[in-house]
Amino acid sequence: MASHAGSLVVGVSELLRHPGTRREITATAALEGLAITASRVVEGSDVEARLTLEAMSDRSLTATGSIRARWTGECRRCLATVEGDLATEVREIFEARAVEGETYPLDGDRIDLEPVVRDAVLLALPLAPLCEDTCKGPEPDAHPLGEGAVDTPDERWAALRELKFD
């Protein structure tokens, strides 16, 4: 059974009543602000979580599965736009008494998958993407403004032209 599109909040009351039971879910949502220095999730695109929820007791459950998202960024060598798909595996625990940094909160008969999804995606985004493995970076002799462009010296640096080094 899938949760409704756009929401990462999932009802788990039936699971918690029957420890040891499992439920497959697919949840999607467009999450804002998923970015690190050189890459980010494409704005407005959905992040998808395909998970198996399993009740361990009436106060805890596990969420195991994969998270997928489309990302974009800049090549670390030539600064060209780079795009790709990320896929990462998760195995997390939700508890009524969550331990900060170790487990996620179980809120009565619901879990909010957004913190799990955010954490997993941010850890999976490439830190320094490349447009291709053989990218050599910008051409050192090419002018940044294109063919035939002329540099006009900034007059604030005029005094430096007068310096002579022996």
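Partly exposed means a relative accessible area between the two cut-offs: buried is under 20%, exposed over 50% (1.4 Å probe, protein chains only).

This is a predicted model, in which local features need pLDDT of at least 70, side-chain atom pairs count only at pLDDT 80 or more, and totals for chains, interfaces and linings use all residues. Residues are numbered from 1 along each chain as its sequence is written, and side-chain values use heavy atoms, with hydrogens and water left out.

**Stop 1: Asp107 and Arg110.** Select both. Their side chains meet in a salt bridge, 3.0 Å from N to O. A salt bridge here is a side-chain nitrogen of Lys or Arg within 4 Å of a carboxyl oxygen of Asp or Glu. By this rule there are nine. Asp107 is partly exposed at 48%, and Arg110 likewise at 38%.

**Stop 2: Glu114 and Arg118.** Move to helix H2 (residues 114-124), which holds both, four residues apart, about one turn. Helices (H or I, at least four residues) and strands (E, at least two) are DSSP runs, numbered from the N terminus.

**Stop 3: Phe94 and Tyr104.** Select the one aromatic pair. The rings are tilted, 5.7 Å centre to centre with 35° between the planes. Rings of Phe, Tyr and Trp (its six-membered ring) pair if their centres lie within 6.5 Å; planes under 30 degrees apart are stacked, over 60 edge-to-face, the rest tilted. Phe94 is buried at 0%, Tyr104 at 13%.

**Stop 4: Ser45.** Find the loop between strands E3 (39-41) and E4 (47-57). Ser45 is buried, at 16% relative accessibility.
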